[in-house]
Amino acid sequence: MTFLQPWLLWSLPLALIPLVIHLINLRRHRTVEWGAMQFLLQATRHNRGKTRLRHFLIMLARILGVAGLLFAISRPMSGRWFSWFGDQPDTIILLLDRSASMAQQDMQTNESKRSLAVEQIATALERTGEPPNLVLIESTRNTPQTLQSAASLREIPETRATDADANLPAMMQSALDYIVSNQAGRTDIWICSDTQSGDWNSEGGQWAAIRAGFQELKQPVQFHLLAYSQSAADNASIRISELRREAGSDTDRLVMDIQIRRSQAEGSVKLPVGIVVDGARTVIDVEMQGESFALDDQFVPIDKQKEFGWGKVELPPDVNPRDSVFYFTYGNDILKRTVVVSDQPGSAWALKLAAAPPVEKSTAEATIIRPDEVGSIEWNETSLIMWQAALPFAETAKKLEEFVNSGGQIVFFPPQDDSTESFQGVKWGDWEKLNLGPDEQAVKDWRDDSGLLAHADNGSPLPVNRIVVNDFRKLAGSGQVLAHLQTGDALLQRIPTDHGGVYFCATLPQQPFSNLAQAGIAYFVMVQRALADGAERLLESQFGLIGDQLVDEDAPAWQRIDGWEEGTLSSEQRFIAGIYQEGDRLLARNRPPAEDNPGTLTSSELERLFGGLNYRIVQDQVEGASSLVSEIWQAFVLLLLIALIVEAALCLPDVRTKKVVTP
Amino acid sequence: MDTQHREFLDPAVLTRLSSLPLYARKMMMGNVSGRHRSPHRGSSIEFAEYRKYVQGDDPRRLDWRAYGRSDRFYVKEFEADTNLRLIGVLDTSGSMKYGANGVSKLDYGKRLIASLGYLASQQGDAVGLTCAAQGLGVQVPAKRNAAHLRNVFNTLADIKPKGETGLVEALHKVAEQVRQRALIVIASDLFVPPNELLDCFQHLRFRKHDVVVFHLLEAAELEFTFDRPTRFLDLEGGPSLLVEPSVIRREYEAALKEYIEGIDAAVRDSAVDYHRIRIEEPYGDVLARFLVSRTPRRSRR
């Protein structure tokens, strides 16, 4: 509780006025010579029980009455944020989670968790007085922004809804950096979030460093977490996991795999799934049971002549309309580009042949470049890089790592020259001869359950055992070996990465090194599979996710043609789901998959994250109409009235019984 | 004749009361003839009874008419009228100092006893006085001459309220020392335990005294009309007490009620002539009411 007129609390000792008057009254007594002392002595002996309690209560009621009046005129504020007699901090940093899941709203009021949080914080600040320094760190940019007033929270675009995710550890780190760099003084950090597990990344290693950073601060920092952890009971989300265009005789068709997820597993529900392609709407009724539902190979016919277009799948609006729609674009088949980096024509040709077979209307294309021409690679349009040269280093290695992180695939083949560099911890060893007996196979074993050498879709194994290897180059470094030679050395090794794929093949495809190029079905499949994996990242751009920097999204040239209203602001549109267009280019933006996950942090997880810090957690819900802070002087006036009534009741003269003495 | 001015004697009151004789409710055994009945037969004109003549009786008292009618000797006997001894017992303890409007309970008691003494003396009764205070200081025996009455008045004039009450001891002592039947007039606030008072009354009753009690109380003592913190000084020398009257009023009234009920039970059990008096009431009215109440219903004269 805090007070709008706290200086009036200095007058609280006035509550003791009744007691002082009582004491003064006692001191101003008169003296009487009295004869009937026996009755007085008897009366004072008996005056120890109810009567003394009664007069104590009268005195207490009078004191409470005056105190209630003083409290009331001090304009007390009751707030779940505020502790008793809390002082105003020097700085208030507001960490606002604007992720798509915060758009969950109350169907009665259309008030979302985010808007409710903003309104409650703004109202609380207005009622308790503006802090000297109010800073906003919202989840899309994670950069501190100083606000002039609390009222601006309701107006600035940085507090509006987005379809992005949130990174709470990064926001906390940003707040810590701000406090350190600005010497913020006593700081209150208010966190408004729905505590969605994906946004908080509670298992991330950065939390320990963040906690330690705040604990080392000299100035006191108080955390207030306004948590809207309550999940919606009847929310459903929709997204497309795969989309492809298939050519037909008269018309083409878009084939899509649709995933629907809802927040409750019990019972079944009928959902009309709307599919809109180029403005034409199709509705499919789906009866859904359980938490998730997959609607595979749904197709929509499209004009054969139309080269590109856009569409969306949507569910009827529910408590979170942000996850009830998913946008996509389509075009012609994607050209799977491979870049062969080699300065040895013999090897390069064999590599290019496997990546882009010379067939008519091929959707694959391969380019051969020398290692010093790496700068010419169109990274965003390339799916696979086959590197048969000395391992890259410096800027080239960094470019390749970024390529891998964006989902690209690289297969390294051994250079014939010496190579001392390493990539991802692996480097080439010496060339060696593989001496085998007449009936011995070159490949001792290989992973046939997954990876590039896995069985075919029909379960048939690849003919890896027919591969003949004469010369191979040893690999130094750890990784997952997909195929072993008879010597125990790796023939094909995968380097673990979060995204994309990095492979090392220990021999060259042409003679005299091996027979991969001549008789290697396994080799062809291996390369095509790597190419297909690399092309997925381009396929995903059809329904791009917010946060994946595929194009220069900040360019103001992108115009919204469908999606949420907030996308009309150029500064915000890259965080808003919808369809955007720049010339002939279309771009779909959608919320990240983690935003569909209804899981939230438990209380114990939150306690663990804030362990050692000064924090308070206020659980709120979007249906709740209670304000964070409100004036409660009425309660004290009520206390005053009750005290007066009690005092009056206790002071009522006794009902006189019949006269004691009749002379 | 005493011509000295006495504050406790009001000629107007005495004049008004002079027409009301003082009667005893019990037979008295006086030395001389008077207004009061005696247990002995005497020479008054009030017929008492016939009694058979026995040897030794004075033949002059034979009723010859009765002999003529019954042929038996009867002696005709008459009531004896005698005087009484009025013993005033005045409580002179410190608590009797309390009063209002300049009149203390002691002053009131003095007026009652002095007036009754004067009236008794005027009708030939003996008047005595006992002061009931701790130590039983003053005791004036009953005599019937005018000089003695002056002595009684002088004693009354000199009495000052002081110390704790000695009423119980005084009454027991009076009961023992006054051998002949007497009218014992007690003027006191009776601030003693009722059970002890009952013992005193029964002692006096056993000694065949006619006991009259004037219970003197002041209005503030009955109604406890204080409304602000007050320090009460004990007039009998006990410790003072600072109290908030509103806090203890209920308990005070309860204690007073309990006391009054005890006094009522004591006077009921001992059959004394009890009069509870508010000292704000004119004592002349009190005495007039008292004298009228004791007047026999059938006049004997």
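This is a predicted model: local features need pLDDT of at least 70, side-chain atom pairs count only at pLDDT 80 or more; totals for chains, interfaces and linings use all residues.
The interface between chain A and chain B involves 32 residues of chain A and 40 residues of chain B. The size of an interface is often given as the accessible area lost when the parts come together. For chains A and B, the buried area is about 3,600 Å², with 64% given by carbon and sulfur atoms. Nine residue pairs are in polar contact between chain A and chain B. One salt bridge is found across this interface. It joins the side chains of B:Lys97 and A:Glu33, with an N to O distance of 3.9 Å. On the side of chain A that touches chain B, α1 (17-27), β2 (30-34), α2 (37-46) and α3 (50-73) each supply at least two residues. The largest share, nine residues, comes from α2(A).

Over all chains, the count of salt bridges is 38. One of them links A:Glu203 with A:Arg608, the closest N and O atoms being 3.5 Å apart. These residues are 405 residues apart, A:Glu203 lying in the loop between α6 (197-200) and α7 (206-216) of chain A and A:Arg608 in helix α12 (residues 603-609) of chain A. A:Glu203 is exposed, with 65% relative accessibility, and A:Arg608 is partly exposed at 39%. A further salt bridge joins A:Arg370 and A:Asp372, again with closest N and O atoms 3.5 Å apart. Here A:Arg370 is partly exposed, with a relative accessible area of 44%, whereas A:Asp372 is exposed at 62%.

In chain B, the salt bridge between B:Arg294 and B:Asp210 has its closest N and O atoms 2.2 Å apart. B:Arg294 belongs to helix α9 (residues 283-294) and B:Asp210 to strand β9 (residues 210-217), so the pair ties together parts of chain B that are 84 residues apart in sequence. Both B:Arg294 and B:Asp210 are buried. Elsewhere, salt bridges with shared partners join A:Glu242, A:Arg244, A:Glu246, A:Arg253 and A:Asp297 into one network.

B:Lys105 is located in helix α3 (residues 105-122) of chain B. Its relative accessibility is 0%, so B:Lys105 counts as buried. The side chain of B:Lys105 makes a polar contact of 2.9 Å with the side chain of B:Glu221. Beyond its neighbours within four places in sequence, B:Lys105 is in contact with residues including B:Tyr98, B:Asp189, B:Phe191 and B:Ile279.

On the surface, a nonpolar patch with about 700 Å² of accessible area together is formed by A:Trp633, A:Val637, A:Leu638, A:Leu641, A:Ile642, A:Leu644, A:Ile645 and A:Val646. Of these, A:Ile645 is found in helix α13 (residues 633-651) of chain A and counts as exposed at 57% relative accessibility.

Conventions: Residues are numbered from 1 along each chain as its sequence is written. Chains are lettered from A and ligands numbered from 1 in the order in which they are written. Side-chain values use heavy atoms; hydrogens and water are left out. Patches are made of residues with over 30% relative accessible area and no salt bridge: like charges are joined within 9 Å, nonpolar side chains (Val, Leu, Ile, Met, Phe, Trp, Tyr) within 5 Å. Accessible areas come from the Shrake-Rupley method with a 1.4 Å probe; for residues, only the protein chains shown count as cover. A salt bridge is a side-chain nitrogen of Lys or Arg within 4 Å of a carboxyl oxygen of Asp or Glu. Helices (H or I, at least four residues) and strands (E, at least two) are DSSP runs, numbered from the N terminus. Buried means under 20% relative accessible area, exposed over 50%, partly exposed in between (1.4 Å probe, protein chains only). Contact means heavy atoms within 4.5 Å. Buried area is the accessible area (1.4 Å probe) that two parts lose on being put together, summed over both. A polar contact is a pair of N or O atoms within 3.5 Å; within protein, one must be able to donate a hydrogen and the other to accept it, and residues adjacent in sequence count only if both atoms are side-chain atoms.
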